[in-house]
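Have a look around this protein with me, from its strands to its helices and a couple of its loops. The sequence and the structure come up next.

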Amino acid sequence: MGTVYTIPPGAPFLDELAAGITAREGDTPLGLAGITVLLPTRRACRALTEAFLRTGGGRPMMLPTVRPLGDVDDAELVLTAASHGGDDALAILRLPPPVPALRRQLLLTRLILASAGAEPERDAGDGLDPAKATHLAAALAALLDEIQIEGCDLGALDHLVPAEYAAHWQETLDFLAILTEHWPRILAEEGCLDPAIHRNARLRALAEQWRAVPPERSVIAAGSTGSVPATAELLRAIATLPNGAVVLPGLDPTLDDAAWAAIDAGHSQAGLKQLIEGLGLARGDIAPWHATLGEPSERVRLVGRALRPAEAPPLPPEPPAPDALSGLTWIDCASPHQEAGVIAILLREALERPNETAALVTADRDLARRVATELARWDIAIDDSAGVPLAQTPPGVFLRLTAALAAAGAAPVPLLAALKHPLATAGLPAGLFRARVRRLERKLLRGLRPARDLSGLIEALRA
């Protein structure tokens with residue numbers, strides 16, 4: 001088994017990864033060229049390139065090949081297969097393409113409507129209409145991806161619920177027959193594969209290629225816990241390469257053997273434990289990425305005690321070290337609006353101090369958007385790493401308001417909401433258009449409601 005490392009909690013993962021790679025491969029402008037680094041996401045890949053620049057002090061250098069774990073290079077598969085006379089990669093290239101996500105959702109929507117006896121072109125009233133079927137199709141697609149990512153068999157759904165259970169369980173199974181009976185036929189007609197199956201096949205092909213012909217330069221997989229079976233198989237292949245290395249994120253160094261053995265599926269270290277055991281290693285076989293990381297901080301020790309498995313033997317109580325809580329502040333907020341305002345003030349104060357940076361880390365997307373809105377009041381534009389959904393951009397909001405206007409038959413409230421959007425000018429100067437909208441509101445929409453649709457507005461204007 002090759003070498004498996006870890007960067008412990010509390011350390012800046014990407015900066016430490018970049019520093020370790022630079023130290024191992026040579027601190028020269030061309031030392032990193034030819035190395036392959038695999039990370040879980042594209043966002044992490046972009047951040048690692050910036051970490052290399054920080055590590056190198058901004059001097060020119062050839063960066064390694066940095067790409068997401070699921071991004072398999074077809075050219076690499078073909079060239080490697082040709083070099084050892086194999087045709088595994090060529091077989092992968094002959095696989096049907098993955099079905100586009102939108103087309104899959106529309107095809108599943110049609111299947112759902114057909115199973116309910118509804119027509120796609122008609123509204124079914126209180127029953128299943130196309131809008132509801134579209135939401136169900138998105139949920140079915142997510143279930144399909146989860147089943148295929150875990151490598152489970154769709155045929156096992158028939159045995160999921162015993163016959164003596166309640167009737168609604170059987171109705172659920174009858175609904176899932178869309179996936180077990182009809183969806184494979186539709187995929188065959190489309191000449192496509194589900195995205196998860198296509199991705200798994202490519203990952204396993206890459207693992208087989210590297211086992212057959214190990215790359216000459218280093219291959220480093222970092223930041224993944226191998227929660228996807230196909231990814232775990234690729235990590236096992238990388239760990240066995242002569243120049244391969246797997247860098248695990250945040251393996252807790254404070255857990256003793258009894259606590260490690262007591263980790264269950266709900267623990268934050270469960271994924272790492274499963275991967276380490278799948279690699280055929282013990283926790284003691286995992287080495288630190290490089291020696292400068294040192295001992296865990298008091299805060300890491302405090303968090304480790306807090307997350308200790310309940311089934312593990314309890315530790316004697318001890319007060320937290322002063323350093324464990326230094327820099328932490330607890331603020332109680334009465335409302336989400338107040339919470340966003342407090343965070344925005346803290347971020348603004350950080351800008352007023354020289355050479356300081358600040359970041360908001362949250363899984364609550366609504367909170368992140370509220371904080372961004374609060375900061376915009378001070379003309380502070382922050383970079384939201386999660387991006388902005390298309391429907392919440394100014395053009396997206398305008399299109400949604402326009403659609404609501406059409407769906408409501410030009411009712412007064414949706415009409416004014418669309419007309420007062422900054423992008424609504426009807427080809428006129430903005431000031432003139434706003435004045436006419438205000439006049440329309442005063443003269444026409446603040447009294448008896450006009451008849452439905454634009455024809456009703458026109459008749460009210462004539463009157």
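Strands here are runs of at least two residues that DSSP assigns as E, and they are numbered from the N terminus. One such run is β3, which covers residues 65-68 and holds V66. Please keep in mind throughout that this is a predicted model.

**The chain as a whole**

The protein chain has 18 helices and 6 strands. Of its 463 residues, 35% are buried. If you take the contacts between residues at least 6 apart in sequence, 69% of them join residues that are at least 24 apart.

Let's start with V66 in β3. Which residues does V66 contact, once its neighbours within four places in sequence are left aside? They are V37, L39, C45 and L48.

V246 sits in another strand, β5, which runs over residues 244-249. Is V246 buried or exposed? Its relative accessible area is 1%, so V246 is buried. Not counting residues up to four places away in sequence, V246 touches T3, V4 and Y5, along with A221, L235, I238 and A239.

| Pair | Separation in sequence | C-alpha to C-alpha |
|---|---|---|
| V246 and V37 | 209 residues | 9.9 Å |
| V66 and I220 | 154 residues | 9.6 Å |
| R438 and L416 | 22 residues | 9.1 Å |

**Helix α5**

Helix α5 takes in residues 101-116.

Two packed helices are described by the angle between their axes and the distance between the axes. With that in mind, consider α15 (residues 394-407) and α16 (residues 412-419), whose axes are 8 Å apart at an angle of about 155°. That angle makes α15 roughly antiparallel to α16, the cut-off being over 145 degrees. The crossing of α15 past α16 is left-handed.

Which residues meet where these helices touch? From α15 come F398, L401, T402, A404 and L405, and from α16 come P414, L415, A417 and A418. Sorted by class, the residues of this contact are 8 nonpolar and 1 polar, with no charged ones.

The next partner of α16 is α17 (residues 430-444); their axes come within 11 Å and cross at roughly 165°. α16 and α17 are therefore roughly antiparallel to each other. Here too the crossing, of α16 past α17, is left-handed. On the α16 side L415, L416 and L419 take part, meeting F433, R434, V437, L440 and E441 of α17. This contact has 6 nonpolar and 2 charged residues, and no polar ones.

L415 has a part in both contacts: it is among the α16 residues that meet α15 and among those that meet α17.

Now back to R438, which belongs to α17. Its relative accessible area is 45%, so R438 is partly exposed. Its C-alpha atom is 9.1 Å from that of L416, a leucine of α16 that takes part in the contact with α17.

Most residues other than glycine have a negative phi.

N355 is in the loop between α13 (336-351) and α14 (365-376). Its phi is positive, near 60°, although N355 is a residue other than glycine. N355 counts as exposed because its relative accessibility is 85%.

A426 also has a positive phi without being a glycine, with a value of about 55°. Where is A426 placed? It lies in the loop between α16 and α17, the two helices described above as roughly antiparallel. With a relative accessibility of 64%, A426 counts as exposed.

Note on methods:
Residues numbered from 1 in each chain as written. Predicted model: local features only at pLDDT ≥ 70, side-chain atom pairs only at ≥ 80, totals over all residues. Heavy atoms only, no water. Axes fitted to C-alpha atoms, helices over the stretch in contact; angles between N-to-C directions. Helix = DSSP H or I, 4+ residues; strand = E, 2+ residues; numbered from the N terminus. Parallel < 35°, antiparallel > 145°, perpendicular 65-115°, else oblique. Left-handed = near helix turned anticlockwise from the far one by under 90°. Contact = heavy atoms within 4.5 Å. Nonpolar A, V, L, I, M, F, W, Y, C, P; charged D, E, K, R; others polar. Buried < 20%, exposed > 50% of the residue type's maximum accessible area, 1.4 Å probe, protein only. Expected span 1.5 Å × (residues − 1).
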